[in-house]
Amino acid sequence: MSLIEIADVAFTYAAQPGVRALDGVSCAIERGSFVGITGPADAGKTSLCRLIAGYIPHLFDGELSGEVVVDGAPTRRVPVEELAGKVGYVFENPFDQLTGASLTVLEEVAFALENMGLPREEIERRAWESMRLMGIDHLADRHPMRLSGGQSQRVAIASVLAMRPEILLLDEPTSQLDPVGAEEVFETVLRLHQQGLTVIMVSQDLERLSRYADRLLVMRGGRIVLEGEPREVLGRALASGLPLVMPVPAAVGWQLRQVEAVPVSRPLPLTVEEAAAEIEGVLQAGGSDLRAVDPVREGRSGEPQVRLEGVSFSYGGQVRALEDVSLEMDAGCVCILGQNGSGKTTLMKHLNGLLKPSSGRVLVRGEDTRDHRVAHLARHVALAFQNPDDQLFRSSVEREVRFGAENMGFPPEEAEKLVERALDLLQLRDVRHRKPYDLGLSWRKRVAIASVLTMASPVVVLDEPTGGQDAEGIQLLGALVEHLVGEGKLVVVVTHDVEFAAEHADRAIALHAGRVLLDGGPREVFAQAEVLARTHVHPPAALLIGQRLGLAPLPLTPQELLAAVGIARQR
Amino acid sequence: MADTTPNRAGGLPFIRSISEDFTTRAWVLIPIGIGINVVGGYIAQVLRLPIFLDVIGTILVGVLAGPWVGALAGFLTNIVTGLVVNPTLLPYSATNLAIGLVAGILAVTGWFKSYWKVAVSGIIITIVAVVVSAPITVFVFGGVTGHGTDLIVGYFLATGNQLLSSVLKTSFIVEPIDKIISSYLAFFIARAIPARYRPPKARQTLPE
Amino acid sequence: MLEYVQGDSFLHRLNPVTKLVVATCLVVATFLMPGFAPSLVVALLLLACAWLAGVAGRAIRPTLSILAPLAIALLLIQGMFYPGRQTPVVTVGPITFWREGLLYALTFTCRIAVIILAFLLLMLTTHPKALSVALVQRGMSPKLAYVFLASLQFIPEMQRRALIISEAQQARGLDTRANLWRRLGSLTVMLVPLIAGALIAAETRFLALEARGFGRKGQRTSLLEVPDGGVDRLLRWAAPALLLLLIAWKVVA
């Protein structure tokens with residue numbers, strides 16, 4: 001018998017009647033397997049997780065039909081605390097799932113055990129065991145809220161492991177983490193799986209998930225629409241046009257199969273090496289030259305929009321976040337890359353005057369930021385923060401989007417036009433009358449960005465816009481960036497998403513320890529992998545594949561890669 | 001069991017359902033209420049507004065989760081801040097408790113459902129706040145609070161009033177604006193929060 | 001915000017609940033005793049304890065800064081306008097300070113000083129976690145203990161977030177220097193994201209807590225051990241007993 005059996009489950013949340021969160025879901029999960037779950041936003045992935053953990057029906061009101069059996073017992077009849085001993089649930093936000101009452105990591109990990117009433121020695125033993133397993137025992141005395149995202153997630157997993165569950169259920173555990181943190185989490189989860197734990201992981205990071213999972217489920221509209229071996233599932237998803245964030249090697253491999261350069265029956269490549277090997281085979285068979293065209297965007301001549309002159313900044317006079325940075329930004333899309341702590345956010349906040357330089361100066365359209373209030377500089381530089389929940393407050397999307405225009409004091413007719421355009425660009429027309437907080441996180445991000453667009457500023461800064469977005473959202477944001485650049489605006493994108501940067505950047509700036517490490521066109525910047533590695537930035541997959549193949553100049557995107565190999569993109 | 005309390009009407013249903021109110025969701029709400037009470041004052045300062053906003057969290061919790069949870073949130077605000085920041089806040093935990101209790105009762109009986117009703121609730125909350133605080137100010141602190149409003153108390157004393165009555169009169173001048181604004185704020189905020197994040201209690205206290 | 005000062009004095013070694021009980025009884029007692037002398041004595045005693053426990057330095061500054069505005073207000077308002085004023089002491093122009101008022105002011109100043117010192121001393125020598133564990137050991141609900149500790153962390157977290165929200169909204173053009181009406185309207189701009197964000201986080205936290213057995217009924221244990229000695233039990237019995245005696249004496253007299 002399978003460890004988890006779900007039979008024809010349908011569920012509607014009491015708080016959202018009329019919307020079927022789960023619409024006829026059936027699946028079986030075997031002991032010791034690693035199951036990945038993916039799909040567009042609002043597909044029902046989180047609801048499925050809650051179902052397995054018993055939160056549905058015990059903690060969420062609603063109408064439930066169908067049967068869920070975990071380790072032989074139907075979840076309806078087992079209390080949540082007992083199920084928690086079998087299913088360890090790890091949530092998306094690393095800090096929200098901390099109890100909030102612990103002052104050290106040890107206390108945090110011991111919390112569940114204290115609630116279970118175990119003897120003190122047992123609590124200590126298990127807690128230390130869990131921490132060692134997760135490689136965080138050196139953090140035992142640290143305050144859990146002051147760790148990095150990746151560390152905090154590992155603390156959460158350790159807290160859950162201390163209860164010795166058989167199943168580890170992770171709901172988008174890496175979407176809020178930087179690449180380093182994401183790697184840490186995936187690595188440890190894989191290790192736990194190898195030690196016998198059954199793992200269920202929801203993620204949009206198919207690049208990693210499809211390599212580690214032995215089975216992949218794709219959900220959409222409350223149902224499981226595809227399932228099977230990851231490579232196979234990705235192939236079928238591509239065939240049916242299902243929007244997923246495809247790993248570049250798979251997307252490239254797919255195109256090769258579409259033009260029959262590679263037999264369709266062969267499993268899709270999932271890694272850079274596999275994709276390179278396939279292409280090598282194709283090149284040897286057919287042979288082509290590389291001609292990658294680098295579209296040059298016309299920059300506006302004249303006074304640069306943003307200029308930094310010898311800017312240094314220290315938080316509280318202590319931590320040196322920026323060190324003598326001098327830059328000029330004119331037009332086009334500028335992507336700012338670098339690890340957490342490299343100074344990206346600090347730099348970003350200097351652009352609209354939220355931070356004033358400790359030394360040096362920042363000129364925005366000729367105005368020194370030290371002489372003006374943020375509200376004034378916002379006319380020139382509109383900044384959309386990473387967390388939309390730091391900004392949203394109105395009772396409808398439309399009114400929220402209008403907020404930016406209102407603050408600028410535009411006359412009503414002009415404001416209306418700006419609002420309509422913003423709603424269009426971010427495809428929010430259908431939800432214009434809904435409450436922003438009623439929507440999912442990825443939608444709320446779009447609303448926040450839309451509200452910033454109505455400020456009609458010549459410079460737009462986006463902070464990690466693609467974080468946690470599904471395929472449709474990423475595409476939309478890409479189109480948005482192109483559109484804004486086409487209007488002559490300067491778009492600054494602070495991001496970890498190198499694929500997005502490769503696709504849309506006219507210029508890439510990599511920061512490291514508060515200094516500019518690299519600055520130039522994306523092709524030249526991404527080609528310097530060893531330098532980028534210092535700030536934990538990986539070049540885009542297409543470029544890595546190109547390097548292996550010895551292509552020159554190096555391709556940035558799958559399209560360029562395929563064009564280089566002489567294969568026009570189908571469809 | 002699922003996190004619902006069936007709505008009952010009439011009599012004193014809310015007294016019967018004390019333990020039902022204290023679901024885990026409610027427990028999680030209390031630190032938030034406490035945090036907002038503390039931050040409210042800070043925000044009012046940043047915006048340079050002449051109000052305290054130090055019970056906005058209590059009222060909000062009362063509206064969202066009912067009188068008992070609201071009362072506890074209010075009470076604990078002063079215990080926590082009293083122990084950790086300023087012990088002179090400790091005695092006023094009675095006031096904060098009363099405000100949470102009353103706000104919750106008003107909300108449950110439908111007095112936070114329309115604009116004018118909220119005004120009435122604000123006035124009632126003012127009265128409760130003043131009536132509970134005044135004796136504390138008089139018997140624990142000798143009639144002063146250390147704020148500029150003490151001068152008004154002085155004026156009343158100088159013109160022949162007794163201490164308690166001076167403190168009461170001063171409070172009735174000073175408190176209403178803050179409490180009524182706080183009540184309206186709690187009303188607007190509670191409405192802007194979508195149903196799924198509100199405890200089930202809030203479904204009966206707020207218009208939808 | 002944590003005032004706790006590490007140490008190994010006699011105060012540090014007392015059980016937190018003992019200290020809480022003694023502090024409360026002391027405060028109530030000083031309010032029952034007439035005149036300023038008893039309160040002054042108690043206040044000085046507390047200061048002596050603070051000095052012996054090695055925390056006097058950390059106790060004096062906050063005590064004075066909290067006490068000062070209250071003492072000044074008492075001195076001025078009650079000194080000048082105390083309803084039972086009869087005997088003038090000092091007259092400067094139109095202003096007269098009366099003896100009864102000044103005594104009243106002094107009495108309350110000392111009493112307030114006792115409140116401040118008693119609880120400050122408690123928190124200077126007690127780690128909040130130890131306090132909540134000790135309370136749970138003596139029967140308080142573990143959920144209350146959770147709320148107490150969570151609030152302690154939550155307050156600075158909210159302050160931090162309020163700052164972030166302020167920045168984020170200013171980045172959208174919110175002007176914190178506009179006219180009064182707009183600033184009033186800005187309250188929702190600031191508070192809604194703060195609260196909504198907190199509630200969204202609370203949703204996750206609530207699930208995480210449930211998953212860690214928070215809602216469980218039954219015996220709980222603790223990683224931290226808070227000792228409870230003979231002296232503690234004696235003090236916890238003696239302090240309320242003395243207080244009751246005091247009350248009885250007051251009633252009879």
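Q: How does the radius of gyration of chain C stand against that of a compact globule of 253 residues?
A: Chain C has a radius of gyration of 24 Å, whereas a compact globule of 253 residues would have one near 18 Å; the radius is taken over C-alpha atoms, and the globule rule is 2.2 Å times the number of residues to the power 0.38. Along the principal axes, the C-alpha atoms of chain C fill a box of roughly 65 × 60 × 35 Å. This is a predicted model, in which local features need pLDDT of at least 70 and side-chain atom pairs count only at pLDDT 80 or more, while totals for chains, interfaces and linings use all residues. Residues are numbered from 1 along each chain as its sequence is written, and chains are lettered from A and ligands numbered from 1 in the order in which they are written.

Q: Why is chain A called as compact as a globular protein of that length?
A: For 571 residues the globule rule gives 25 Å, and the radius of gyration of chain A is 25 Å, so chain A is as compact as a globular protein of that length. The C-alpha atoms of chain A fill a box of roughly 70 × 60 × 50 Å along the principal axes, and the chain has 22 helices and 20 strands. Helices (H or I, at least four residues) and strands (E, at least two) are DSSP runs, numbered from the N terminus.

Q: Why is Leu187(C) counted as buried?
A: A residue is buried if 20 or more other C-beta atoms lie within 10 Å of its own, exposed if 12 or fewer, and partly exposed in between, with C-beta atoms placed from the backbone. Leu187(C) has 23 C-beta neighbours inside 10 Å, and therefore counts as buried. Of the 253 residues of chain C, 48% count as buried, and of the 571 residues of chain A, 57% do.

Q: What does Leu187(C) touch, not counting residues up to four places away in sequence?
A: Leu187(C), which lies in helix H8 of chain C, touches Ile43(B), Leu47(B) and Leu185(B) when residues up to four places away in sequence are not counted. A contact requires that the C-beta atoms of two residues, placed from the backbone, lie within 7 Å.

Q: How many residues of chain B are in contact with chain C, and what makes up that side of chain B?
A: There are 47 residues of chain B in contact with 57 residues of chain C. Helices H3 (24-46), H5 (67-84), H8 (150-158) and H9 (163-192) of chain B each give two or more residues to this side, and the largest share, 16 residues, comes from H3(B). The side divides into 34 nonpolar, ten polar and three charged residues, where Ala, Val, Leu, Ile, Met, Phe, Trp, Tyr, Cys and Pro count as nonpolar, Asp, Glu, Lys and Arg as charged, and the others, Gly among them, as polar.

Q: Which element gives the most to the side of chain C that touches chain A?
A: In this interface 43 residues of chain C are in contact with 49 residues of chain A. Helix H7 (142-170) and helix H8 (180-211) of chain C are the elements that give two or more residues, and H8(C) gives the most, with 15 residues. The side of chain C divides into 21 nonpolar, 13 polar and nine charged residues.

Q: How do you know what form residues 184-202 of chain C take?
A: Over residues 184-202 chain C is 100% helix and 0% strand, with the end C-alpha atoms 27 Å apart. The UniProt record (an unreviewed entry) places the feature "transmembrane region" at residues 20-52, 64-82, 102-124 and 184-202 of chain C; such positions are given in the numbering used here, feature names are shortened, and annotations may be inferred rather than shown by experiment. Residues 64-82 of chain C are 95% helix and 0% strand, and their end C-alpha atoms are 24 Å apart.

Q: Why is one side of strand E16 and of strand E20 of chain A left without a neighbour in the sheet?
A: Six strands of chain A form an open sheet in the order E16-E17-E18-E13-E19-E20, with mixed pairing. Two strands pair if DSSP finds at least two bridges between them. Strand E16 (381-384) and strand E20 (515-520) of chain A stand at the edges with a single partner strand each, so one side of each is left without a neighbour in the sheet.

Q: What makes E13 and E18 of chain A a pair, and in which sense do they run?
A: Strand E13 (residues 332-337) and strand E18 (residues 490-494) of chain A are joined over five bridges in the parallel sense, and Val334(A) stands opposite Val492(A) in E18(A).
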